[in-house]
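Dear colleague,

My notes on it follow directly after.

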Amino acid sequence: MSSDPEETQDYNEESIIETTTFNLDNLPSSFQKFLKDNAIDPHIYTVIDLPRYIRLNTHSNNLPTLDDLKAQLNTTQVWQVQKSGLFGFLKAKERLVDIEAYKTHKVFGIDLSSAMAVDALELESDDQVLDLCCAPGAKLCMIANLLGNEGDGTVTGVDIANHRLATCRSMVKKYSVGNRVRLFDADGTTFCIPPPSRVGGRMIVKEDHNTKEEEDHCDHKNDKSLHQEQPVSKKRRKANNNEQKPFWASKLLRFDTQDSPHLYDKVLVDAECTHDGSISHILKYEKWGWDAFEKNFMNPDRLSTICELQRNLMKQGWKMLKEKGTMVYSTCSLTIQQNESNVEWFLNHYPDAQLEPVDSLDISRAKLKNTDPSLSHCVRFDPLVSRTSGFFLARFIKK
């Protein structure tokens, strides 16, 4: 794909921001209070024509070019996002679901927030990846694309909602990216199944054993025979009485014994949140009915416990991450409590956590709501500044 400056257009200029005549008074009073309490500018919900994003499915062949996508979407406003296999587009005269590239599974739709969270993991082909809140599945497809099929890399997706996992399963099968994927119907705050010990008949051998937890359970690490392909015996298959059957797994991962001594190389916590930054999603409730919005998002019990849930997801993700591994925390909220405050809490409670810079892929960043220098590597995006939906990212390295 070309990186010619004329083909990598910038749609972040303030001059192109358009707004609707949406009456902010139509927002439920509980949500208006929520926005005021969290210092969120309600005018973000008047921004229209935010770009949509797609990613090339690199498990497929004969992928479309930039010119192909312009022709199929019937718009000149298609551009390539820096290095990520992503394309943004605006003012398409054809629906995405109707174009040839989509119907033949050459591209899939993905939120920019999800794509940037995956990009921040800086994946390598042998990485064992844990996605603790994996639904609805676009992140899994992108992770699988980046891992490829040449190395020993796998991705374990976890979600607490069975019906959402079914959507994930449908996506990875639809795009033929599920070769190194397994899914678990489980609570991400307590999920403790290690990464797979083998891909098919081949043992996954890790040369580095960085943590005491790993070393204590690695009596076999010097056994050269483990580098060879070996069948999994029925006896060994039954050895782990705590084994949890996956919701779905590829044939290569289906019979894993779940007794690997290793932890994950990369962990993604794209946490459940109040979704107040997801502009298009919230505005759909103008048609669906604000009563449903208040029930789904403004439930007082949910609002009072959401930060605790997010912190518990971060704690468990960190527990499952190896030394020198990477964990990315992200939300599609614009509140300080669910973002900077959670990161500050995490750094205070986990001295082995180091905040690392995040590549913003040339997307303009919004200002952080907590300007403490220790949080300077966090990144925020919002419709008024970034020409994106609202979201937040933080990247940690386990020292």
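Predicted model: local features only at pLDDT ≥ 70, side-chain atom pairs only at ≥ 80, totals over all residues.

Strand S8

Strand S8 spans residues 154-159, and six of its six residues are buried. In a regular strand, the side chains alternate between the two faces of the sheet. Both faces of S8 are covered: one side carries Thr154, Thr156 and Val158, while Val155, Gly157 and Asp159 lie on the other, and all are buried.

Its neighbours

S8 is joined to strand S7 (residues 128-131) by four bridges, and these two strands run parallel. Within this pairing, Gly157 of S8 stands opposite Asp131. Between S7 and S8 the chain passes through helix H5 (residues 138-147), giving a β-α-β crossover that is right-handed.

Strand S9 (residues 181-185) also runs parallel to S8, and five bridges join the two. Here Asp159 has Asp185 in S9 as its bridge partner.

Helix H4

Helix H4 covers residues 112-120; nine of its nine residues are buried, so the helix is largely enclosed by the rest of the structure. The buried residues are Leu112, Ser113, Ser114, Ala115, Met116, Ala117, Val118, Asp119 and Ala120. Just after H4, Glu122 adopts a positive phi of about 50°.

With kind regards

Conventions:
Residues numbered from 1 in each chain as written. Heavy atoms only, no water. Buried < 20%, exposed > 50% of the residue type's maximum accessible area, 1.4 Å probe, protein only. Pairing = 2+ DSSP bridges. Right-handed = clockwise from strand over helix to strand, strands pointing away.
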